[in-house]
Every structure is written in structure tokens, then in C-alpha cells.
Amino acid sequence: MQNHGARDALTDVPGLHVGHSQRTDEGWLTGTTVVLAPEGAVAAVDSRGGGPGTRETDALEPRNAVERINAVVLSGGSAFGLDAASGVAEWLEEQGLGVQVGPEPGQVVPVVPSAILFDLGRGGGWRNRPDHAMGRAAAQAAGESPTGAPVEQGCVGAGTGAVAGGLKGGVGTASAVLESGTTIAALSVVNAAGSPIDPSTGALYGELLGSRALFGRAPHFPPADEHAEAVMLLTEAAEETSRRTGGPVRPVLNTTLAVVATDARLDKAQSQKLAGVAHDGMARAVRPVHLTYDGDAVFALATCQRHLEDEEFNTVLAAGADVLTRAMVKAVLAAEGVDGPGGVFPAYRDLYGR
């Protein structure tokens, strides 16, 4: 079993802060999450879903000039939600954070890599989606959070309207400290067309694969009668959602997003490899993933505070996948069910009493 960080959260990586902003009042069920690196971080991204929605991710390619970024934005709202990044960029500019392009301290251009997930209409109002103001609020919340602060999980930020296989999804985070002292952590927003649960048992996929190593315990298998009732309730919820919304969205549109981070000194190519390997952790927790209408994307951040020996890089890669699996399991367990005008989305805890 890996040693967890002090908070078992992304903020166990020194220099990273997390802020959420969301709306859940009448007609609303969406939000934005910002991962802030005020001192900058080497960044990369690996998108594997067939329907990505992103902004400024080309800047992260190893062949391109941008070396460090100050924030990553994860947002609901499908393509409309990319507007949240404008609010984050505005806030960063006011703090003097970004690429220095002029002689004065405030003459910066923030590079704000962003990705969105599909949650349109889940609160009942199709046009209710994250905007400039919501992005700014999430950035400000991240900026005001103290170093090493706990990260709120469940139906917050970009996870507010998240759904995975008919279950309520959300935000989860986890961290690990390697023998060398290097920290690796992840934050995920679980919003998948695939399911996080094994249909034959009701067990969480992420716990089935390496549960003792990642969680220090055996996987939880619900009693057969409890699982049978859960399947029935989940089917009824899907039927009721279809009735309330006039039929399911076709095709099914989702997207799971994640940020994996470390305090190790990585270059952009190594960071991109970390983002790519972390997708293995996503594939352990949800099945299937990376479908045509998913936009699954993983960002990698390296704050470069610790020297990394060559032989340790593979250990960091493996740990990145592991912490992402745990973060996704924690997201599903932290989520709370929703019963509103946009549909009925039970939480795993509602169905299985965990």
C-alpha cells in the first residue's frame, strides 16, 4: 500500500491550490474547478476521448514555446463552458501571473489550458452553464485557499452536474508519497458514458483492480439482494430522467477530466508521458472509457521542486495511474444523489449504503 499525503489530495503537492465554483439553485447543476499554480508548473496534456472540448492545449505540446502555466480549468457546460477560462485569465492577469510579454510587471498574457465536460440540462435549464464569472470565482477561491488546504470532493465545481453510467459522479482527489519523498497526486471529475461499477456484482471497478495495494483493504462486494435492488433502482432512475427531459440525449455525451501532479522536476515531454500513463488509472476505474463521445483528458503538472533520479521516473508514472484510480473511486463515493427537473441520478452511497 502506498503512503498517502497529509490531505490525500492534489494540494499535497506543494505550490498547488484548488478552487471550486458552482450553482445548484433552480434550473442549475454545473460548475467549474481551477487548479492554480501561482509559482508556475511545467504542464502537458493527453486527450484520448473522441469528443474533446479544450482550450489552449496546443501550447502544452513539448515542441511549443510555453514552458510553464499558472492554472488549469476544468468546467461543465460542454463547449459553452470554455468561457469560464476567460474569467480565470482575467483574474490571473490582475495577479500579474502569466507569460511576461512587456517590461512592466503586469504586462502578462495568462495561458489557461482548459477542458470541459458535458452536463447540459442536468439541472433542468439547458442554457444554464459556466461562464466568465463562474471561472473567475473558482480562480479566486483557489487563490484564497491556504497552502495544503483540504480539497472539497463530491458534487462541487466541475463535478456538480457530473454523471457516470447513470450514477451521480463528482470530484475526487488522492495523493501518494514515494519512498524518495516525491509526492504524486490527482484530481478527477468523473463524468463518463461508461460505468464505475461491475454490473455483475455492484463492486467498484477501481477497487476490484489492486484494491489492497491502493486502499489497504479488500474490495467491497455488496450482497446479491442489495445489488439486484440497486440495478432496479438505477433502471427506474434512467426511465424517470428520460420522462422528465423528453428523452435521453443522443448520442450519450460525457467526459472524464483529471489533473495529475508531482513536485518532481519533469520536462514537458516527461510530463506528457505522465499524463498518458495516468489514463491507465482512468481505465481501471470506469469501463468503457475513451469512447467516441467522451472527451477524456488528463493534464499533468510538475512543480519541479524535487530532483528526480532517472530510475525513479517509472515509479512516478506508475504512481500517477494509481492515484488517479483512487481519486475516481473517491469521487463516486463522495457524490450525493440528485432528484431534480433535469433527471434522477442516484449516488453509489444511495444504492449500496456506503
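1. A crossing of two helices is left-handed if the near helix is turned anticlockwise from the far one by less than a right angle, and right-handed if clockwise. By that rule, α6 and α7 cross in a right-handed way. Helices here are DSSP runs (H or I, at least four residues), numbered from the N terminus.

2. A word on the source. This is a predicted model, in which local features need pLDDT of at least 70 and side-chain atom pairs count only at pLDDT 80 or more, while totals for chains, interfaces and linings use all residues. Residues are numbered from 1 along each chain as its sequence is written, and side-chain values use heavy atoms, with hydrogens and water left out.

3. Helix α6 covers residues 268-285. Its axis lies 7 Å from that of α7, at an angle of about 40 degrees. Axes are lines fitted to C-alpha atoms, for helices over the stretch in contact, and angles run from 0 to 180 degrees between N-to-C directions. The pair α6 and α7 is therefore oblique (under 35 degrees is roughly parallel, over 145 roughly antiparallel, 65 to 115 roughly perpendicular, the rest oblique).

4. Which residues of α6 and α7 meet? On the α6 side they include Leu274, Val277 and Met282. On the α7 side they include Phe313, Leu317 and Met328. Contact means heavy atoms within 4.5 Å. The residues of this α6 and α7 contact divide into 11 nonpolar, four polar and four charged. Ala, Val, Leu, Ile, Met, Phe, Trp, Tyr, Cys and Pro count as nonpolar, Asp, Glu, Lys and Arg as charged, and the others, Gly among them, as polar.

5. Helices α1 (residues 84-94) and α2 (residues 132-144) also cross. Their axes come within 6 Å, at roughly 45 degrees. α1 and α2 are therefore oblique to each other. This crossing is right-handed. Among the contact residues are Trp91 and Glu94 of α1, and His132 and Arg136 of α2. The α1 and α2 contact has four nonpolar, six polar and three charged residues.

6. The structure holds one cavity of 30 Å³ or more. On a 1 Å grid over the protein atoms alone, a cavity is a set of points where a 1.4 Å probe fits but cannot get out; lining residues have an atom within 4 Å of a point. The largest cavity has a volume of about 40 Å³.

7. What does α7 (313-334) give to the lining of the largest cavity? α7 gives the most, with three residues. α3 (205-208) supplies at least two. The lining includes Val190, Pro196, Tyr205, Ala285 and Met328. By class, nine lining residues are nonpolar, one is polar and none is charged.

Methods. On a 1 Å grid over the protein atoms alone, a cavity is a set of points where a 1.4 Å probe fits but cannot get out, and a pocket is an open set with protein on both sides within 12 Å along at least five of seven lines; lining residues have an atom within 4 Å of a point. Grid points are joined across faces, edges and corners, and a volume is the space filled by probe spheres set on the points.
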